[in-house]
Amino acid sequence: TGVAMMKFKSPPVNSLSLEFLTELCISLEKLENNRACRGVIITSAIPKIFSSGLDITEMCGKSTEHYAEFWRAVQEMWLRVYGSNMVTVAAVNGSSPAGGCLIALSCDYRIMVENPKFSIGLNEAQLGIVAPFWFKDTFVNVVGHRTAERSLQLGSLHPAPEAHRLGLVDELVPEEKLQEKAAAVMAQWLALPDHARQLTKSMMRKAVLDRLVAHREEDIQNFITFISKESIQKSLRMYMEMLKKKKS
Amino acid sequence: TGVAMMKFKSPPVNSLSLEFLTELCISLEKLENNRACRGVIITSAIPKIFSSGLDITEMCGKSTEHYAEFWRAVQEMWLRVYGSNMVTVAAVNGSSPAGGCLIALSCDYRIMVENPKFSIGLNEAQLGIVAPFWFKDTFVNVVGHRTAERSLQLGSLHPAPEAHRLGLVDELVPEEKLQEKAAAVMAQWLALPDHARQLTKSMMRKAVLDRLVAHREEDIQNFITFISKESIQKSLRMYMEMLKKKKS
Amino acid sequence: TGVAMMKFKSPPVNSLSLEFLTELCISLEKLENNRACRGVIITSAIPKIFSSGLDITEMCGKSTEHYAEFWRAVQEMWLRVYGSNMVTVAAVNGSSPAGGCLIALSCDYRIMVENPKFSIGLNEAQLGIVAPFWFKDTFVNVVGHRTAERSLQLGSLHPAPEAHRLGLVDELVPEEKLQEKAAAVMAQWLALPDHARQLTKSMMRKAVLDRLVAHREEDIQNFITFISKESIQKSLRMYMEMLKKKKS
């Protein structure tokens, strides 16, 4: 049918580790180069979680070289998803904070399970860190400047119904209808001629994509400087401790 | 009263041919230079159709020189409507795809007949072609980035109630109330001092107008290159065949 | 608690005179430099009016030097409020036209008394003058391009319920709940780590702040040229006459 299904399966919570991001980029590159593939549905194989976002262990107590390699992989992933020539549909079947939210925001269409226990948002500020400018640009392109400003400053995680009200996701469905709905949306988008659709998508997203491409090394240096600060390292360690306690 | 009424009447469907565009520009220029004229209501004299958009016969099997002349006229029309010093109200009394939608989007206010059989949108992608960047800029300024991105990629034609929900039109009225409503809106806008209103309008639209002015020749070349492709010519011929069959 | 309360009290209508603006800037600077202060609630001590906006007597029949000094103070006030590191909550307990609306728009959050007799908006066009580009940029960042374009051209003063519908204010409350609500919102925003919140706020607002900083002297010259025109002086004198008659 020309549609690939990409199911995140990295227990326990689909953290975006360096390894996970690298595999994701390779998979996307293969699909992108496969002419038979015109669309991809991104979802999770793990119950209740779409993706928990960037793997904090990759940002804690590592070398400068490691931070650079990790951040480059995060950039690469976004450039590939946001700039994909394929139709990309996020079937969000669980919570999706931070980097997980970014993946959904970078798709062409977002369908989320209507369970209000599932939430989505760029909650970086809650962890004492700052979403980079291209996370912000992607967010503004979806929800507009005001909603983005408020949500980013509060580090809000929006329950599914609120996310829908804000335009952060396009549609809510019962869990058992998610795959069927994603396939139907994909069929609707694939009904258009690829060439015209791709040029139109590129016209809409080029300014924001180009901005990261033009400032990629600078953005890596900013990340390294920021993440290497003792105060930030401390915040992240405390956050990880808190997560561990929550789990046990 | 200082208000002109411009009624499109080019049967069967108010296609924007080179001749039609040239006449439209001359009429607008005359009104613009007439100090007694402070506003213009744009509507259609043909039932069920506001304007069907650019005349495809002008883009099919013609010379490079013809494409250049045609595209320059399309640009000129938009520069005049979007940049008009007059108050411009679109009284959309029928369907309004592609270039027809652009004219409505370029006015200060859009009132549409509430009939759900009438639709409006930038549906270029459905024909295998791409709306130029200034169609897109105008659209984004009205409905925002996200709605524009989705609508342009799907080449959506929105039935009147949906168009209203998306903000593509400002107001819906029963057909028999359209002219009365358009006159009332015009009176409301003309109650403001011209000079302040004009400077404010220019402040809001200047960036987008300047962008085409700065890239006008380049945009003409892009159009010629794109429209001259055999694949695009084939798409357009098929689309015209389809329209002919539909008619008969 | 780290929260300051700033109550405008300049009878009869909290006009933004040069003196008032100067005092406001000094107060903000003191708070900004006081590490114990993390947030400020801005409200009015005068019933039914938040602020009536720029003091027209400062713009009428004065010297070029005076106009320059006055306009610099208006710019300074906006740069301080829009760029504040503190959490800024506007508790809008009365009408708030023009410059008064700008102060509210420049805060992080706007709560307004739900009384439909109170209105808010950038109504400059009604007076025959034009809101400067940075008023417009601030407005667009809150309500989006289309709503701003229409509202600015019509010089609309929106009754509280309409202002809420347009997103111009975030929330409506009964008058007796205003201070309680403002404190609760402040507590919610202060729950975030200052550093991450401040960097995020700066990321969202920097482009618009930088634009005025880069064109500050030019903007002052524009103001002087515009306000010195005999036609504008006449408009303002007529407006003041009208206000006086209304009062008596």
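Modeller: Start with one residue pair in this predicted model. Ile120(B) has His158(B) as its bridge partner, and His158(B) sits in β10(B). The strands behind that pair are β9(B), residues 119–121, and β10(B). Two bridges join them, and the sense is antiparallel.

Now widen the view to the whole sheet. It is open and has four strands, in the order β4-β7-β9-β10 of chain B. The pairing is mixed. At the edges are β4(B), residues 48–49, and β10(B), residues 158–159. Each edge strand pairs on one side only. A helix also packs on this sheet: α3(B), residues 98–106. Helix α3(B) touches β7(B), residues 94–97, and β9(B). The directions of α3(B) and β7(B) make an angle of about 100°.

Chain A shows strand pairing in residue detail too. Strand β4(A), residues 48–49, runs parallel to β7(A), residues 94–97. Two bridges join β4(A) and β7(A). Ile49(A) has Ser95(A) of β7(A) as its bridge partner. On to the next pair of strands. β7(A) also pairs with β9(A), residues 119–121. That pairing is parallel and has two bridges.

Backbone details come next. Lys48(A) belongs to strand β4(A). Its phi is near 70°, a positive value in a residue other than glycine. A cis peptide bond joins Pro11(A) to Pro12(A), with omega near 0°. Pro12(A) is in the loop between β1(A), residues 3–8, and β2(A), residues 15–16. In chain C, the bond from Pro11(C) to Pro12(C) is cis, with omega near 5°. Pro12(C) lies in the loop between β1(C), residues 3–8, and β2(C), residues 15–16.

Back to chain B for a link between helices. Arg80(B) makes a salt bridge with Glu29(B). The closest N and O atoms are 3.9 Å apart. Arg80(B) is in α2(B), residues 64–82, and Glu29(B) is in α1(B), residues 18–33, so the pair ties together parts 51 residues apart in sequence. Over all chains, the salt bridges number 54.

Take the interface of chain B and chain C. Chain B contributes 20 residues to the contact, and chain C contributes 21 residues. Together the two chains bury about 1800 Å², with 63% of that on carbon and sulfur atoms. On the side of chain B, Leu192(B), Met203(B) and Met204(B) supply 34% of the buried area, more than any other three residues.

What about charges and polar groups here? Three salt bridges join chain B and chain C. One pair is Asp170(B) and Arg146(C), with the closest N and O atoms 3.0 Å apart. Six residue pairs are in polar contact between chain B and chain C, both residues being at pLDDT 80 or more. Four elements of chain B each supply at least two residues to the side touching chain C: β8 (109–113), α4 (133–143), α7 (178–190) and α8 (194–214). Helix α8(B) gives the most, with nine residues. By class, this side has ten nonpolar, four polar and six charged residues.

Chain B also meets chain A. That contact draws 20 residues from chain A and 21 residues from chain B. The buried area is about 1800 Å², and 62% of it is on carbon and sulfur atoms. In chain A, the residues that lose the most area to chain B are Leu192(A), Met203(A) and Met204(A), together 34% of what that side buries.

Three salt bridges cross between chain A and chain B. Asp170(A) pairs with Arg150(B), and their closest N and O atoms are 3.8 Å apart. Polar contact links six residue pairs across chain A and chain B, both residues at pLDDT 80 or more. On the side of chain A, two or more residues come from each of β8(A), α4(A), α7(A) and α8(A). Helix α8(A) gives the most, with nine residues. This side of chain A divides into ten nonpolar, four polar and six charged residues.

Notes. Residues are numbered from 1 along each chain as its sequence is written. Chains are lettered from A and ligands numbered from 1 in the order in which they are written. This is a predicted model: local features need pLDDT of at least 70, side-chain atom pairs count only at pLDDT 80 or more; totals for chains, interfaces and linings use all residues. Side-chain values use heavy atoms; hydrogens and water are left out. Two strands pair if DSSP finds at least two bridges between them. Contact means heavy atoms within 4.5 Å. Axes are lines fitted to C-alpha atoms, for helices over the stretch in contact, and angles run from 0 to 180 degrees between N-to-C directions. Buried area is the accessible area (1.4 Å probe) that two parts lose on being put together, summed over both. A salt bridge is a side-chain nitrogen of Lys or Arg within 4 Å of a carboxyl oxygen of Asp or Glu. A polar contact is a pair of N or O atoms within 3.5 Å; within protein, one must be able to donate a hydrogen and the other to accept it, and residues adjacent in sequence count only if both atoms are side-chain atoms. Ala, Val, Leu, Ile, Met, Phe, Trp, Tyr, Cys and Pro count as nonpolar, Asp, Glu, Lys and Arg as charged, and the others, Gly among them, as polar.
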